[in-house]
Structure formats: structure tokens, C-alpha cells
Amino acid sequence: MIQAKINGIDIKVKEGTSILDAAKKVNINIPTLCKHPDLDATAACGICIVKVKGGNKMLRSCCTPLEKGMDIITHDDELQEARRTVIQLILSNHPNDCLQCARNNNCELQRLAADFGIRTVAFPHVAKELPQDSSSKTINLVPDKCILCGRCVQVCQQMQDVWALSFLERGFQTRISPAGDINLSESPCVRCGQCSAHCPTGAIAEFDQTPEVWKALYDPNKYCVVQIAPAVRVAIGEAFGYPEGANLTGKLYAALRRLGFKAVFDTSFAADLTVMEEAAEFVQRFAHGKGVLPLITSCCPAWVDFMEKFYPDMVKHFSSAKSPHEMLGVLSKTYYAQQNAIDPATIYMVSIMPCTAKKYEIQRSEEMYASGYPDINVSLTTRELARMIKQSGIDFMHLPEAQPDHVLGEYTGAGVIFGATGGVMEAALRTAHYMVTGTDADKVDFENVRGLKGVKETEVNIKGNKIKIAIAHGLENVEYVLRRVQKAIAEKTELPYHFIEVMACPGGCVGGGGQPYGATDKLRVARAHGLYKEDDDKELQYSHHNPYIKKVYKEFLEKPLSEKSHKLLHTHYTGRPLYKK
Amino acid sequence: MTMGYKKIVLLKDTGSTGRTKEFYNLFLEQCRLENLQDDVQIVRVADIGMYDKGIVVRIIPGDITYAGVTEAHIQKIIQQTLKNNKPVKELLFTRASKQMRVVLKSCGEIDPENIKDYIACDGYQALKTMLAKSSSEDVINELKTSGLRGRGGGGFPTWMKWKFARQIEADQKYIICNADEGDPGAYMDRSVLEGDPHSVVEGMIIAGYAVGATKGFVYVRAEYELAIERVEKTIEQAREYGLLGEHILGSDFSFDLEIRLGAGAFVCGEETALIASIEGKRGYPSPRPPYPSVKGLWGKPTVINNVETLATVPVILRKGGAWFASIGSENAKGTKVFALTGKVKNSGLIEVPMGITLREIVFDIGGGMLNGKKIKAVQTGGPSGGVIPEHLLDTPVDYENLQKLGSIMGSGGMIVMDEDDCMVDIAKFYLKFCVDESCGKCAPCRIGGFQMLGYLNKISEGKAGEDDIELLERICNASKKASLCGLGQTSPNPVLSTLKYFREEYLEHIRDRKCRARKCVDLLTYHIGQEKCKRCSICMRNCPVNAISGDKQQGFLIDVNKCVKCGKCFDVCKFDAIIRE
């Protein structure tokens with residue numbers, strides 16, 4: 001332990017604690033623009049400077065560990081003046097068009113300027129005038145608004161191991177861009193959107209598609225339907241002042257109805273369906289030797305894109321089951337349309353996702369048009385939906401809860417935990433156990449697959465069969481898992497795993513790139529807790545117990561992996577290696 | 001180790017008769033006659049550090065210098081000195097120079113591409129003795145006694161850097177020679193690498209032994225072609241002689257070197273950016289701690305020393321730390337190489353004991369001012385340094401003294417300025433360099449530098465108000481305090497020091513729109529002195545914008561509104577009739 005003083009307050013912290021973090025422990029917030037709790041300090045902004053009493057040098061509190069006996073001053077005339085000057089310098093090179101910005105009211109730079117009471121910028125305004133990049137149709141790059149904190153580059157290169165974003169040029173001309181100055185759509189970007197979730201300003205944001213949705217909602221010839229993903233319900237509350245992790249499923253249904261959607265579905269229903277297909281696929285591969293092991297989950301589109309680009313040799317390991325949101329899309333325009341005698345051509349399906357990559361997934365391949373129409377018309381992020389609710393004048397806080405539409409809105413606890421890392425695995429194991437043994441597992445919870453550890457490895461015993469599993473979230477953690485598999489395959493040794501779940505975003509979908517800003521591990525845990533709590537509260541916790549899943553199979557799909565489900569619910573993957581040796 | 005030549009004879013005609021070659025042939029012929037051609041090497045050198053002393057002959061080892069040598073003396077020199085090691089007393093020249101050559105001792109005197117020359121001058125003796133007799137701790141203690149501080153500019157005690165790296169347990173440690181010399185006008189490192197590369201390599205091997213490193217990198221900028229070539233040869237030769245590689249000189253110690261080329265970014269001279277560059281990353285500085293000696297190249301303990309520092313190490317071991325400490329001043333021991341340039345008679349590389357005054361350097365070594373002009377200031381430390389006015393020239397040169405004056409020692413640039421130098425212009429020149437070379441990572445340097453330059457431009461164009469000086473100072477202070485690395489912390493030095501000592505000059509630019517040095521073109525006015533004008537009309541005919549009108553009867557006038565201040569009329573007038581103010 002290190003003993004020191006901050007602003008005269010005695011403090012004891014673990015060795016290696018930064019001055020910034022140490023100060024928080026004694027309720028002192030040192031301002032910073034670039035430091036993010038998820039990331040190592042890059043020390044780019046120069047706002048978090050502090051000084052040691054008696055010393056003349058300023059230290060950057062984000063990256064300087066507190067040392068024994070230090071007497072730190074975090075706020076005084078000199079420091080505040082330097083900070084004020086740096087903030088003004090940043091503002092002198094920022095568009096300052098807050099009113100038209102995607103981050104208006106939710107911008108770290110804006111907040112800092114407000115806290116410091118900046119009323120005028122003393123220095124001449126020098127605009128950047130760089131072109132925007134909307135080419136990926138998922139993530140919008142507005143380099144003019146970039147303050148070069150470097151978070152997105154760190155996220156893209158380290159946390160996600162994608163290396164799409166980098167710094168170009170230098171000095172005053174420095175900017176962020178895909179390396180080689182190409183468009184984002186031509187870059188290795190997998191559209192996970194973590195860059196946008198970490199950006200302190202409006203320089204990277206989701207590709208806003210609310211105008212299209214408004215247009216459809218106001219179109220009398222369109223039959224608008226909507227689905228919400230599991231992770232959305234435990235995060236949207238943050239936009240309305242709810243406590244972290246509050247589960248607002250009922251309010252969401254109500255709000256979506258008020259927005260004008262004629263039917264409100266829940267992606268968790270399709271998650272149950274995915275479990276049926278995927279568990280069947282696993283059992284087929286594991287117990288009947290049809291197809292290769294390990295089986296790897298494929299419901300995360302950023303992960304699918306990443307795998308196709310960086311691990312094309314793993315294509316055959318992927319579960320061919322579509323993601324829940326795509327399954328629900330195709331069912332809405334086939335099964336639901338038939339049942340309710342609606343012309344599927346008029347159905348306009350909007351999905352509310354915690355994710356930016358879903359915007360890409362809906363056009364991934366022709367299999368995303370299995371219904372004969374776009375299975376999903378538009379995919380919106382949680383952030384976009386929150387704005388729509390606010391725009392429409394809905395008093396979300398006081399809205400009475402509502403129910404989803406029948407059949408495609410009915411789900412079990414297994415379906416809703418899809419939103420947290422390990423959730424897909426856990427749900428699939430519950431059903432795989434049943435498929436192999438014909439009975440349910442004694443215990444519903446597989447705790448070893450939960451939590452925020454980057455790679456979770458464990459064994460599950462089903463009827464004497466040891467199933468070795470791995471769960472990775474945050475793409476940086478994929479390498480370890482897949483290298484082990486590649487090595488075992490190459491050396492023809494025993495496989496390290498039989499079943500692997502991967503989610504591109506840290507924490508899984510609850511930490512998705514389209515979720516409300518400000519995600520930290522603490523928040524991810526709270527959001528995941530909201531989902532696990534709903535699972536516990538649900539009467540049914542096994543996908544195969546969902547009576548409506550049974551009904552849909554009976555009336556429409558026949559059985560898991562039937563010809564019809566293959567046609568509608570499955571897809572295939574194509575290796576598209578980016579780098580060739 | 002085998003000996004090469006027994007004696008080396010250096011020749012230089014320090015007059016202007018250009019007879020060096022003639023004497024070279026005479027010496028060669030006489031040596032052949034005496035059958036000495038295998039023992040004696042005769043070298044024509046470009047600079048011998050002496051002026052106006054006729055033919056100068058220096059014989060090494062032994063450091064005998066003869067001045068005013070004539071044909072008649074040749075026979076005697078060969079007989080007495082080369083054959084019998086006795087000096088020819090009547091020719092002996094004792095240099096009264098205040099220079100003291102330690103690092104530069106062999107530069108220009110030995111053949112840098114021939115390891116035998118280096119060995120003949122006690123080269124690799126320090127290494128040999130060390131391997132036989134000293135522990136790594138002894139080496140560090142010797143350095144501690146010597147008081148050697150980093151010559152790259154920071155002035156950090158070399159022994160401490162080494163000790164920190166030595167204390168850390170690691171499977172791999174590295175030594176890096178920082179030869180990314182980038183200050184405009186500085187070429188100390190290049191000269192050492194070109195003139196005495198073995199001394200640097202020996203220093204690196206010793207450093208490797210002291211800290212327990214087995215691998216070293218020479219990071220040199222790609223523009224230094226000759227230096228690179230020579231270092232390559234040096235490494236090759238050292239390997240041949242068993243001085244690099246496995247089991248150096250039969251000991252247990254192994255060490256090898258590689259060259260890494262820098263692409264010319266100034267900031268890559270900053271140690272953390274340099275490490276990033278070697279790792280193949282963008283040359284961005286990173287926060288310290290961790291210091292490279294704890295966590296450096298590829299996360300391993302790494303010692304980074306400047307060329308001059310490393311070249312000093314073998315001498316210290318050979319002659320003892322106490323000897324080195326006996327040179328110099330209280331706070332700074334030993335000698336320092338400076339690149340003396342500007343308005344001084346003898347510009348060139350000089351090496352002086354620390355503690356010498358700037359006045360001694362300019363007048364005693366530099367030979368005083370060029371063209372008899374009055375000295376105005378001396379700029380030290382390159383673009384990160386400051387300007388020291390005439391009344392402070394008696395300050396003894398050391399790290400702390402220069403810092404107190406608002407400048408720095410830096411890597412050793414020293415530029416002498418006279419009345420024709422405008423201090424605003426000087427500040428602008430250096431700042432422009434740093435703005436161009438800023439890596440762009442942190443806001444205070446990236447935006448601050450750009451804005452500061454804007455204010456300086458405004459001042460030199462006569463468009464500034466007095467408030468602008470305050471704003472300029474405000475940014476300077478913020479950049480100094482809040483920048484991450486040395487570049488941003490010191491780039492305001494030229495501005496702040498000129499403002500400190502020459503504020504009047506700034507105010508003249510602002511209030512009177514005058515530049516007393518007539519450097520700031522926008523502030524100049526041109527008119528025709530009618531009493532001197534012979535009405536030849538040459539000015540009118542040469543004016544590119546037709547700003548001059550009139551005829552031979554009435555005389556000529558310059559229309560100040562049309563004049564673009566190109567100075568063409570001033571240059572072409574043969575009668576000094578154009579007045580420039």
C-alpha cells in the first residue's frame with residue numbers, strides 16, 4: 001500500500017494506482033478528456049495535470065502512479081489556468097456546432113467546457129474541414145469533431161484487434177482515419193461500433209437511420225413491426241435517468257406501440273429459436289459426428305465479419321444458424337404474415353439493437369432476404385431509439401407497461417440472457433442437455449460461463465460426456481482461443497474445446513457499440529445483472545419449454561434443422577481474407 | 001588484438017596556400033625511403049581545429065602538434081619523432097585553445113573505417129580491461145564517480161539510468177544508441193558516428209555489460225548515409241575481432257548490435273517515441289513512468305543513451321571517473337560538444353569543458369563576431385532552447401544555469417546572433433520547426449504550437465495588438481505545463497526567452513510597426529532618397545508591380561500602397577538611394 005496526500009487528504013492506495021484513480025477514492029474528480037476506464041492512459045489531452053507540492057513540474061494524473069509520501073495538489077490557480085487554456089485551445093480547433101451534433105447534451109468536451117464556464121474562446125478559430133466518412137452505413141466518421149484523444153484507435157487496435165482506425169499525418173494535420181486513407185467500408189472495420197461507444201465527442205457516431213423509420217411509420221401503406229434485442233431493455237433506461245441495469249421491457253413495448261408500430265416482437269423469442277437450431281446443430285456435430293468441432297456461435301455480426309476476414313479457415317466451424325434478429329425478421333414476413341393474412345410486401349420490420357454491426361448484417365448476403373423481401377428493413381441502435389422516444393413526446397418514465405405481440409414476443413429466460421457474454425452458451429447448454437439426455441439439467445445456471453473475464457473456459461458434463469467450452473468477448477480475446485484450436489487441428493491433437501461462444505463487444509451485447517454512452521465494466525455488470533434477474537424471474541428458463549417455439553415448429557418449421565428451417569433460418573459464410581501471405 | 005599502424009601523421013595547411021597534398025607526398029616519399037610505410041599512416045585532414053598556423057602536423061599517439069612546418073623540417077620530424085619518439089622542440093605548438101577534446105579527440109584524426117586505427121589509439125582497451133577485471137557494479141560506480149550526465153539534452157545522470165535497468169530482472173534487456181539527431185544546425189552525433197564510430201560501439205558494449213543487456217540498437221536517421229555506412233562497417237569489423245557477438249574476447253559476456261533507421265521525424269529523438277518507432281509503431285511518445293529503463297523496448301528494460309554519452313564512456317573507464325570529474329564545473333562534469341554557428345568567425349564543432357562561459361566560447365574559441373558586428377544574443381539548445389542576451393554571456397555553461405536563463409543545454413546547438421537578427425523572427429523560426437515536427441498526439445502542443453505561431457506571424461506582419469502578447473504567453477505557459485513530452489514542454493522556450501529579454505523588440509513590432517533588424521518584410525517601407533537619386537530609372541524598370549513612377553525631370557516616387565516590399569529596387573540601385581526602414 002502507498003500512503004500519500006491529495007489536497008491535504010491522507011490516502012492509502014494499492015501500489016500502481018494512478019493519481020487520477022487515487023483522487024477519486026477521496027472524492028476528488030480530476031478532469032480528463034482522453035482517459036477512459038476501459039483503456040490504458042494515452043495521456044493525449046493534457047487536462048488531467050496535477051502537481052506535487054514543492055515541485056515545479058506538472059504530472060499527468062492519468063498515467064502517473066501515486067508514490068509514497070507524495071503531496072499532490074489537483075486544483076489551484078496555476079493548474080486551473082493551464083486547464084482552461086488547453087480546453088480553449090481544443091475548442092479553437094473544434095467545430096463547436098453543438099446544437100447540430102450527434103452528441104449534443106452527451107458530449108464529454110461540451111460537459112467539460114460547461115463545467116469550466118467557458119464563455120469565450122480567446123484564440124482564433126481554426127477549422128479542420130475534413131470530409132465525413134459514412135461509407136460503412138453503420139458508423140459515421142466526422143474527423144472535424146475529433147479531439148485526437150486516441151480512444152477509438154486504442155479500442156480498434158487493442159481491445160478489438162481490428163486495426164481499422166489509425167492516426168494519419170502529424171502535428172496540426174494529425175487526424176484519425178483508416179490506415180492508407182481509405183474509406184471505412186474498404187477498411188478491415190467489422191462495424192462493432194466500440195469506437196463510437198468510446199468517443200468522447202461526436203467524431204464517431206452511429207449511422208443515423210431514424211429518418212427512414214419515421215418515414216415508414218408515417219406511411220399508411222406500410223405495416224410497421226418492431227423487435228427489441230435482449231440487451232436494449234437493460235440499457236435504454238440510462239437515457240431516461242433510470243438506475244443502471246433497470247429492466248424496462250414493458251415500458252419499451254408500450255413506447256414502441258405509441259411510436260406507431262403495429263406489432264411489437266421480442267428478439268428473445270428468436271433467441272429461443274436460435275438455441276433450438278444451434279443446440280441441435282451442436283448435438284449433431286458432437287454426438288452424431290456430423291460436421292466439424294468445435295462449433296462456434298455466429299449470432300454476433302461483427303464477430304462473423306471479423307472471422308471471415310481474419311480467420312477464414314474457421315468458416316466451417318461456424319454455426320449456420322442465423323442470428324436471432326434475422327430469424328425473427330424472416331418469421332415476421334412469412335409465418336406472422338400468413339397467420340395474420342398480411343401482405344409481407346407491406347411489412348416494414350425495424351429491429352432495435354444494442355449494435356451498429358446489425359445495420360450491416362441485414363444486408364450481409366442474399367440469405368438475409370429469405371422471406372423474399374429484406375427480412376429486416378432497418379436496424380436501429382438503442383441510442384437512436386432513445387432519441388425517437390424523446391422526439392415523439394412520450395413520457396417514458398411514467399408510461400404504463402405493455403405486453404408484446406403474441407407468439408413472436410413470447411420468450412423464456414434462456415432467450416433473454418443472450419444479451420450478456422456467456423448467455424448464448426448457457427442457453428444452448430440447457431437445451432443441448434435436454435436434447436442429449438431427454439431430461440433437463442438439475443441446475444439451470446452455469447455460473448462458470450458468466451462474468452467479465454476475457455476468456456472463460458470450463459467443462460460441462462452431459463450424461464458422462466465432457467463438453468469443453470470457451471467463451472470470449474472483446475475481439476482481442478479471440479486470438480488465444482482460436483490459436484489453440486488451430487494448433488490442435490494442425491497437430492491432430494485433442495481439441496481444446498467443443499463449443500465456443502464469441503461476442504465482439506466487451507461484456508457481450510450489453511456492452512454493444514450501439515448502447516447508450518459511458519459503458520464501463522461496472523455498467524456492463526449492472527446491465528447483465530438486469531438480464532440474469534429476468535431469467536431468474538421467468539417461469540420458463542429453457543428454450544425448448546417455450547410453448548410458442550413448439551407451436552411455430554408444429555405449425556410452420558416442422559423441426560429443428562428441417563428443410564424449411566434450413567431455408568429460412570440458416571446461412572453460410574465465406575472467408576474473405578484481408579491479408580494474404 | 002593486433003596493432004595496426006604505429007604512428008599516424010595528420011596534415012593540414014591551415015593557411016590558404018593549399019599545399020597539403022604537396023606535403024603529403026613529401027612525407028610519403030620520405031617514409032618510403034626510411035622503410036616506414038607499413039608503420040606510419042599519413043592522413044590529410046579537413047579540419048584540425050587550428051587556423052592561420054601554416055602547415056600543421058600532428059602525430060598520434062602522443063598528441064604532438066607541430067605548426068609552421070616547412071619542407072626542411074620533414075626529414076627531422078621523421079628521424080626524431082617517428083623513429084625515436086622524440087619531439088622536435090622548436091616546432092612544437094602548444095594550443096592555447098580553451099577547447100578540450102575528449103569525445104572528438106579522434107574525429108578527423110583516425111581512419112574511422114579501420115578498426116586498427118581505433119585500437120592504435122587505445123580503442124577497446126576499456127572493454128578489454130573491464131571484461132577482465134570489473135563487475136557490472138564497478139562500471140556503474142565508475143560512471144557515478146565521473147558524474148557523466150546525458151548529452152542528448154536531458155542531462156539525466158547516466159549511471160542512474162544504467163543502475164535502474166540493471167536492477168530489474170528480465171530475460172532480455174536492450175541498449176539503444178539514440179542517433180536521431182534532429183536539431184537544425186546540430187551535427188555532433190553525425191560527426192562522432194562518421195569520425196569515430198568505434199567509440200560509440202565500445203560504449204554500447206560496455207553499457208550492455210553494465211546492465212546485463214545482450215542486444216543493442218543504433219537508431220540513426222536515414223539521412224545520415226555516411227554515418228550509417230560507417231556504423232555498419234564498424235559492427236562488421238567489431239564482430240570479426242570478437243568484440244561483438246557470442247563470448248566477447250573469450251568472456252562469458254555476449255552482445256550484438258543492429259542498426260535501425262529513423263525516417264526523420266524529430267519527435268523520434270524522444271526516447272519513448274524512438275522505442276515505438278523501433279517496434280514498428282507510429283512514433284508517438286508515451287507517458288513515463290514506466291521509464292524505458294524499467295519497461296522499454298518490447299516491454300523490456302532498455303537503456304537509451306545519446307551518441308556523445310556513449311562515446312564518452314570508454315574514455316571514462318580508461319582514464320577513470322575521477323579524471324573525468326576533475327574536468328568541468330560543480331554541477332556538470334566533463335566536456336560537451338557544441339555546434340557553434342551563426343554570426344561568428346570560426347563556426348564548427350567545438351568541445352569544451354563544462355562551466356566555460358558563453359563569452360569564452362564565442363570570442364576565444366569562435367574568434368569573435370563576423371564582420372565586426374555587435375553580438376546580440378546566443379541561442380542554445382536548438383528549437384527547444386532559448387535565447388541568452390549579451391549581458392548574460394558570462395554565465396558558466398551547465399545544465400542548470402542554462403535552464404535558469406530560460407534555455408536548455410539540449411544536444412549542443414549554439415547559434416550566435418548579431419544586430420541583424422530579429423528576435424521575433426528567431427522565435428518564429430524555431431517555433432515553426434517544432435510545430436512542423438509535433439507528433440500531433442497531445443492537444444497543448446498540437447494546437448498550442450499552431451496558435452502560438454499564428455500570433456508570432458501576426459506580430460511580424462504588424463497586425464498584432466498588445467493583448468496578443470498576453471495570449472501568446474498564456475499558450476506558451478500551458479504548453480510548457482500540460483504537454484506530454486519534451487517537445488511540447490520546451491517548444492515555447494524560444495518565444496518565452498525572447499519575450500523575457502527582448503520584449504521591447506516585440507513591442508516595437510506591435511506599437512511602431514518597426515523591425516529594427518529589418519527582417520520582418522511586412523514592416524519595411526521603401527522610399528527614394530531624392531538627394532542620392534541620380535534618376536537613372538533602374539528602380540522603376542525593375543519594379544515587378546509598377547509601384548514606382550516618375551520621370552528623369554521630376555524624379556521618381558514609390559507608391560507605398562502598391563509596393564509589395566520585394567526589395568528589388570533596393571538591390572538594383574547603384575547609388576544607395578533606396579531607403580529601407
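This is a predicted model: local features need pLDDT of at least 70, side-chain atom pairs count only at pLDDT 80 or more; totals for chains, interfaces and linings use all residues.
The domain assignment divides chain A into domain 1 (2-90), domain 2 (129-206) and domain 3 (211-569). Taken over C-alpha atoms, the centres of domain 1 and domain 3 of chain A are separated by 42 Å. For chain B the assignment gives domain 1 (7-91), domain 2 (115-322), domain 3 (335-418), domain 4 (423-512) and domain 5 (524-580). In chain B, 40 Å lie between the C-alpha centres of domain 3 and domain 5.

Chain A contains an open sheet of four strands, which run in the order β12-β17-β16-β15 with mixed pairing. Its edges are formed by β12 (295-296) and β15 (455-462) of chain A, each of which pairs on one side only. Two bridges join β12(A) to β17 (residues 499-503) of chain A, and this pairing is parallel. Ile296(A) has Ile500(A) in β17(A) as its bridge partner.

The largest nonpolar core comprises 350 residues, of which Val226(A), Ala504(A), Ile205(B), Ile206(B) and Ala207(B) touch the most other members. The element that gives the most to this core is helix α9 (residues 267-287) of chain A, with 11 residues. Another core lies apart from it and has 12 residues, including Ile528(B), Cys543(B), Ile548(B) and Cys573(B). When neighbours within four places in sequence are left aside, the contacts of Ala207(B) are Trp162(B), Ile175(B), Val303(B), Asn305(B), Leu310(B) and Val313(B).

The contact between the chains takes 29 residues from chain A and 28 residues from chain B. On the side of chain B that touches chain A, α15 (423-437), α16 and α17 of chain B each supply at least two residues. The largest share of this side, eight residues, is provided by α16(B). By type, the residues on this side of chain B are 14 nonpolar, seven polar and seven charged.

Helix α17 (residues 466-482) of chain B consists of 17 residues. From first C-alpha to last, α17(B) reaches 25 Å, close to the 24 Å expected at 1.5 Å a residue. Buried residues of α17(B) include Leu471(B), Leu472(B), Ile475(B), Cys476(B) and Ala478(B). Arg474(B), Lys480(B) and Lys481(B) are also among the buried residues of this helix. The cover over the buried residues of α17(B) includes elements of both chains: β3 (49-52), β4 (58-60) and α2 (77-92) of chain A, and α16 (443-460), α18 (486-490) and α19 (493-501) of chain B.

Methods. Residues are numbered from 1 along each chain as its sequence is written. Chains are lettered from A and ligands numbered from 1 in the order in which they are written. The expected span of a helix is 1.5 Å times one less than its number of residues. A residue is buried if 20 or more other C-beta atoms lie within 10 Å of its own, exposed if 12 or fewer, and partly exposed in between; C-beta atoms are placed from the backbone. Two residues are in contact if their C-beta atoms, placed from the backbone, lie within 7 Å. Domain bounds come from an automatic or database domain assignment. A nonpolar core is a set of buried Ala, Val, Leu, Ile, Met, Phe, Trp, Tyr and Cys residues joined through C-beta atoms within 7 Å. Ala, Val, Leu, Ile, Met, Phe, Trp, Tyr, Cys and Pro count as nonpolar, Asp, Glu, Lys and Arg as charged, and the others, Gly among them, as polar. Two strands pair if DSSP finds at least two bridges between them.
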